[in-house]
Amino acid sequence: MATRPLKQEIRSQEAGFSMEDVKKLVQLVERSDVTHIEWEKGPEKVVIKRGGVAAPAAAPAVVHAPPVSAPVPAPAPAAAPAPKAEAKAADKPGVVVNSPFVGTFYRAPSPESPPFVELGAKVKKGQTLCIVEAMKLMNEIESEADGTVAEIFVQNATPVEFGEPLFRIVPG
């Protein structure tokens, strides 16, 4: 694997980083064994890390820059897990499949496709029930037991929290 020196990869701009500079840093990290890089240029600093607990993904780029005059919207507060769904899930027999991630719940692989499973469907252990998108990664959630889908606790394309009940599977 041939690599060019970093100086050739990033063009000098005294004012700070351009998006192209950040993209090139990400590409540099992706094609090497480097797992962490920090680079300061003028008043800005870029920190790129990869690895850790999550599945391998493109390295996230974080740019720390001085405040900008345009207002930045505050992130929306995360919704708390639905207490009703948790209470309903615990009251009935069967295996409850919980979300292993904070993300967005999808019942089908694409908007045009039919859902992976419907209410009343027979499923096998390991069969895909849904997708939870977390950090732009699509994670297939599989059935934890053979049985019948007795309940679907979450609506399609809605946010879910870690540990939130998604399905109830009745063995048999």
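This is a short tour of one chain, stop by stop, in a predicted model.

**Stop 1: the whole chain**

Show the chain as a cartoon. Look for 3 helices and 11 strands. Now trace the elements from the N terminus: they run α-α-β-β-β-α-β-β-β-β-β-β-β-β.

The accessible surface comes to about 11300 Å². Carbon and sulfur atoms account for 59% of that surface. Of the 172 residues in the chain, 30% are buried.

How many of the contacts between residues at least 6 apart in sequence join residues at least 24 apart? The share is 54%.

**Stop 2: an open sheet**

Select β4, β11, β9 and β6. These 4 strands form an open sheet, in the order β4-β11-β9-β6, and the pairing is antiparallel. Which strands stand at the edges? They are β4 (95–98) and β6 (122–123). Each has a single partner strand, so one side of each is left without a neighbour in the sheet.

What holds such strands side by side? Strands of a sheet pair through backbone hydrogen bonds, either parallel or antiparallel.

Zoom in on residues 147–152, which are β9, and residues 165–171, which are β11. The two strands pair in the antiparallel sense over 5 bridges. Pick out T148: its bridge partner in β11 is V170.

**Stop 3: the largest nonpolar core**

Show side chains for F105, L129, L166, F167 and I169. The largest nonpolar core has 15 residues, and these five touch the most other members. Which elements give two or more residues to this core? They are β7 (128–134) and β11.

Stay on L129. Leave out residues up to four places away in sequence, and L129 touches V97, R107, F116, V117, V123, I141, E142, S143, F167 and I169. Two of these names, F167 and I169, are also on the list of core residues that touch the most other members.

Another core lies apart from the largest one. This other core has 9 residues, among them V22, V29, V46 and I48.

**Stop 4: a loop proline**

Select P109. Where is P109 found? It is in the loop between β5 (103–106) and β6. Not counting residues up to four places away in sequence, P109 touches P114, F116 and I131. F116 is also touched by L129, from the previous stop.

Finally, draw a distance from P109 to M138, C-alpha to C-alpha. The two residues are 29 apart in sequence and 9.1 Å apart in space.

How values were computed:
Residues numbered from 1 in each chain as written. Predicted model: local features only at pLDDT ≥ 70, side-chain atom pairs only at ≥ 80, totals over all residues. Heavy atoms only, no water. Buried < 20%, exposed > 50% of the residue type's maximum accessible area, 1.4 Å probe, protein only. Contact = heavy atoms within 4.5 Å. Areas by Shrake-Rupley, 256 points an atom, 1.4 Å probe, with all protein chains shown as cover. Pairing = 2+ DSSP bridges. Core = buried A, V, L, I, M, F, W, Y, C linked by side-chain atoms within 4.5 Å.
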